[in-house]
Each structure stands twice: as structure tokens, then as C-alpha cells.
Amino acid sequence: MEILKMQYSDLLKIQNILTTDFDDFWNFNIFASELQNKNSSYFVAKSETSEIIGFAGVLNDGFDMHITNIVTKKNKRKNGTASKLLEKLIKFAKENKSNSLTLEVNENNIPAIKLYEKYKFKKIGIRKHYYSQNENAIIMTLYF
């Protein structure tokens, strides 16, 4: 597996499977806009056959970074892709002199919470009804 800076051509390759093979979180236009944002950085995980099996992004506010997403292709989960992408985001944040790395995670997404805890993210708060009327987000931060 290789983690590379995401190119617009990568987004075009997964355009038709964004919501079916990954997760229904952002549409193509929102994602394309994010790729053009000078404060955002995105990375893709590619298999040995160059298939895009995951992607992740961060938003840099100048002092801190915020993870916008970490997504693994549904049929490729539980193979370490999310860990590799998270490691890349942590390294990227440190290289860019960020003070911290923050994210929101669905309170019901236990595998993701465990992943972040494994990398020493701390729970610092809750965003009520962040994902829906019934699902809150846990705010987690890794301080450098």
C-alpha cells in the first residue's frame, strides 16, 4: 500500500463509486471544491495494483489541523488502510508545525474511536446532534 498526495485525477477515478463503495458523506462537487482549497490537503491509499482503497484529508488553520475525513473502501476495511492514512496525517501535521490534530467521530463508531485512542487522541468534548438528530460527535484531539 502506498499513501500519496491526492490529485484531481484520483477523484475522477472514484467519482462514480464515492457513495456506494466508500461512505455517503460528501458528494463529488464538495470534494472537488475541497481539493482546490489551499488550506486543505488530501491523500489517497493505493493498493499494489494502483486501486484507490482509501483517502483522508486535513484542513489547516495555520496553528492546528482538523481531520475532515478518513475513509476506506467498504470491501477493503480491516486491513490497516485507515491506520496508514492516520499515520500520514499525523506526520503531515507535525511536518507543518501544527500544534494539534482534531477530529469529530460518530459516538457509535467504536472501531474508529478505538483507532484514534490507539494513536493517543483524547476525547475533549461532544457536538450534540452533529450527524443526525440522534447521533452526537465526539471531539478528539492529539496534541504535539
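User: Hey, which helices and strands each supply at least two residues of the lining of the largest pocket?
Analyst: There are four of them: strand S4 (65–72), helix H4 (81–95), strand S5 (100–106) and helix H5 (110–118). Keep in mind that this is a predicted model.

User: Okay. Which one gives the largest share of that lining?
Analyst: That's S4, with 7 residues.

User: And how much space lies in the largest pocket?
Analyst: About 990 Å³. The lining is made of 29 residues, and the closest to the pocket's centre are Asp 23, Ile 70, Asn 109, Ala 112 and Tyr 116.

User: How does the lining divide into nonpolar, polar and charged residues?
Analyst: You get 14 nonpolar residues, 10 polar ones and 5 charged ones.

User: Let's stay with S4 for a bit. How many of its residues are buried?
Analyst: In S4, 6 of the 8 residues are buried, so the strand is largely enclosed by the rest of the structure.

User: What about S5, how many of its residues are buried?
Analyst: For S5 the count is 7 of 7, so to speak a mostly covered strand. Ser 100, Thr 102, Glu 104 and Asn 106 point one way from S5, while Leu 101, Leu 103 and Val 105 point the other way, and all are buried.

User: Do S4 and S5 run parallel or antiparallel?
Analyst: Parallel, and 2 bridges join them. In terms of residues, His 66 stands opposite Thr 102 in S5, and Met 65 has Leu 101 of S5 as its bridge partner.

User: What do S4, H4 and S5 make together?
Analyst: The three of them make a β-α-β unit, and it's right-handed.

User: How many residues lie between the strands in the hairpin of S3 and S4?
Analyst: It has 4 residues between the strands, and Gly 62 takes a positive phi near 105 degrees in that hairpin.

User: New topic: how many aromatic pairs does a search of the whole structure find?
Analyst: It finds 6. One of them is Phe 31 with Tyr 42: the ring centres are 5.3 Å apart and the planes are at 50 degrees, so this pair is tilted.

User: Where do Phe 31 and Tyr 42 lie?
Analyst: Phe 31 lies in helix H3 (residues 28–36) and Tyr 42 in strand S2 (residues 40–46), so the pair ties together parts that are 11 residues apart in sequence.

User: Are those two buried or exposed?
Analyst: Phe 31 counts as buried because its relative accessibility is 0%. Tyr 42 is buried as well, with a relative accessible area of 1%.

User: Which aromatic pair is edge-to-face?
Analyst: Phe 43 and Phe 92 form one of that kind, with 5.3 Å from centre to centre and 70 degrees between the planes. Phe 43 sits in strand S2 and Phe 92 in helix H4, so to say distant parts of the chain, 49 residues apart, are linked by this pair.

User: And how buried are Phe 43 and Phe 92?
Analyst: Phe 43 is buried, with a relative accessible area of 3%. Phe 92 comes in at 16%, and because buried means under 20%, Phe 92 is buried too.

User: Last one: which residues form one aromatic cluster?
Analyst: Phe 31, Tyr 42 and Phe 55 do.

Methods: Residues are numbered from 1 along each chain as its sequence is written. This is a predicted model: local features need pLDDT of at least 70, side-chain atom pairs count only at pLDDT 80 or more; totals for chains, interfaces and linings use all residues. Side-chain values use heavy atoms; hydrogens and water are left out. On a 1 Å grid over the protein atoms alone, a cavity is a set of points where a 1.4 Å probe fits but cannot get out, and a pocket is an open set with protein on both sides within 12 Å along at least five of seven lines; lining residues have an atom within 4 Å of a point. Grid points are joined across faces, edges and corners, and a volume is the space filled by probe spheres set on the points. Ala, Val, Leu, Ile, Met, Phe, Trp, Tyr, Cys and Pro count as nonpolar, Asp, Glu, Lys and Arg as charged, and the others, Gly among them, as polar. Buried means under 20% relative accessible area, exposed over 50%, partly exposed in between (1.4 Å probe, protein chains only). Two strands pair if DSSP finds at least two bridges between them. A crossover is right-handed if, with the strands pointing away from the viewer, the path from the first strand over the helix to the second runs clockwise. Rings of Phe, Tyr and Trp (its six-membered ring) pair if their centres lie within 6.5 Å; planes under 30 degrees apart count as stacked, over 60 as edge-to-face and the rest as tilted.
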